[in-house]
Amino acid sequence: MHTFEFIRPVAAEEAIAAAAQSKTAQQGAEVRFMGGGTTLIDLMKLNVETPGRVLDINRLPLDQIEPTSDGGLRIGATVRNSDLANHATVQNDYAVLSQAILQGASAQIRNMATVGGNLLQRTRCVYFRDTAMSCNKREPGSGCPAITGHNRTLAILGASEHCIATNPSDMCVALAALAATIHVQGPNGTRAIAFGDFHLLPGDTPHRETVLRPGDLITHVTLPKPIAGSRQVYLKLRDRASYEFALASAAVVLTIASGKITQARIALGGVGTKPWRSPEAEAALSGNPANDATFRQAAEAALRDAQAQSENGFKIELAKRCLTHALRTAAAS
Ligand SMILES: Cc1cc2nc3c(=O)[nH]c(=O)nc-3n(C[C@H](O)[C@H](O)[C@H](O)COP(=O)(O)OP(=O)(O)OC[C@H]3O[C@@H](n4cnc5c(N)ncnc54)[C@H](O)[C@@H]3O)c2cc1C
Ligand code: SF4
């Protein structure tokens with residue numbers, strides 16, 4: 001049986017110093033931070049993650065949601081998913097984020113899960129979660145059985161010949177559309193990472209999922225000032241109505257004036273190897289009439305580079321319809 005040491009640091013510096021001894025604070029590392037534990041402990045039970053030390057970061061002062069001086073919002077890394085989704089400012093000004101979180105997991109899991117942990121939740125690819133199988137993400141160079149195997153739920157955007165795993169997060173799709181920034185404290189100080197630069201495409205290193213460096217602790221996420229008058233929708237399509245990951249989802253933030261789209265921020269979930277912001281869809285929407293023809297053109301643009309695997313070709317049309325319907329709903333709201 002795998003054994004590990006459980007540590008509860010009280011200061012960020014203490015946590016970072018302990019984690020910095022490790023190859024990396026994230027994937028496959030000897031020392032790991034723990035937020036709610038709903039991903040990490042799950043994977044430890046499966047022997048997919050086998051850290052020697054687990055640092056419980058819940059006593060760090062990172063659990064606040066506060067306004068920023070420029071009119072945006074600062075969200076601490078240990079804020080629970082439930083608290084974030086039900087916060088009045090989030091519901092009013094960043095509704096797409098509240099909707100996305102509430103369509104994920106279950107109430108019990110959302111009560112435990114933290115913002116930092118959700119940013120780093122790992123793929124649900126069945127081969128990744130089964131140590132009897134090979135998997136390039138878990139064991140670099142061992143192969144990717146999903147490409148010729150069970151890939152119905154896996155990615156159609158951003159895949160490589162080494163990994164086709166989907167990023168499973170709902171929250172991250174909304175954060176991509178909201179142009180969030182992730183703030184990190186590491187052994188060499190603090191830095192801010194634009195949301196679109198945080199997650200990595202698999203390429204030939206699918207075991208590297210983010211730009212985090214050894215010892216990095218996510219301290220908080222910031223959202224820019226809300227877009228006045230924006231209409232926001234998160235639509236998630238899945239095999240059953242609750243407690244299920246997305247087959248396709250769309251986060252939409254739109255402004256419309258005189259029947260024309262003046263601003264659009266679009267991201268897709270359930271289809272990409274990372275939370276998938278779509279500049280192609282945004283370009284197809286901006287300046288055009290807010291009608292079904294424009295919405296469908298945007299969906300075609302967003303999925304233009306999609307590549308089907310043996311079982312997941314249905315996702316291409318599903319994702320197009322998901323985005324078209326989300327746009328229609330936002331425009332009518
Ligand atoms: C049954 C089930 C169903 C689910 N359904 C959905 C769903 O439909 N949609 C969805 O989006 N999600 C779903 N999830 C996933 C869930 O959202 C994640 O497990 C959760 O968000 C992870 O948060 P956590 O705080 O528990 O992470 P943890 O397990 O504590 O940590 C996850 C990872 O993040 C690292 N970490 C945590 N905090 C920090 C930090 N501050 N800095 C650096 N590293 C950190 C940990 O070391 C670990 O690698 C589901 C989970 C389960 C178990
Ligand atoms: S898709 Fe990625 S996570 Fe799944 S088996 Fe292949 S390498 Fe592993």
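At what angle do helix α11 and helix α12 pack, and how far apart are their axes? Before selecting them, note that this is a predicted model, where local features need pLDDT of at least 70, side-chain atom pairs count only at pLDDT 80 or more, and totals for chains, interfaces and linings use all residues. Residues are numbered from 1 along each chain as its sequence is written, and side-chain values use heavy atoms, without hydrogens and water.

**Stop 1: the helix pair.** Select residues 292–302 (α11) and 314–332 (α12). Their packing angle is about 140 degrees, and the axes lie 9 Å apart. Angles run from 0 to 180 degrees between N-to-C directions, and axes are lines fitted to C-alpha atoms, for helices over the stretch in contact. Helices are DSSP runs (H or I, at least four residues), numbered from the N terminus.

Now show the side chains. Contact means heavy atoms within 4.5 Å. On α11, pick residues including Phe 295, Ala 299 and Ala 302. On α12, the partners include Leu 323, Leu 327 and Ala 331.

**Stop 2: Leu 119.** Select Leu 119. Beyond four places in sequence, its contacts include Met 171, Leu 175, Phe 195 and Ile 218.

**Stop 3: Gln 121.** Move to the loop between α7 (115–119) and α8. Gln 121 is buried there, at 14% relative accessible area; buried means under 20% (1.4 Å probe, protein chains only). Leaving out residues up to four places away in sequence, Gln 121 touches Thr 39, Pro 168, Ser 169 and Phe 245.

Notes
Chains lettered and ligands numbered in written order. Helix = DSSP H or I, 4+ residues; strand = E, 2+ residues; numbered from the N terminus. Buried < 20%, exposed > 50% of the residue type's maximum accessible area, 1.4 Å probe, protein only.
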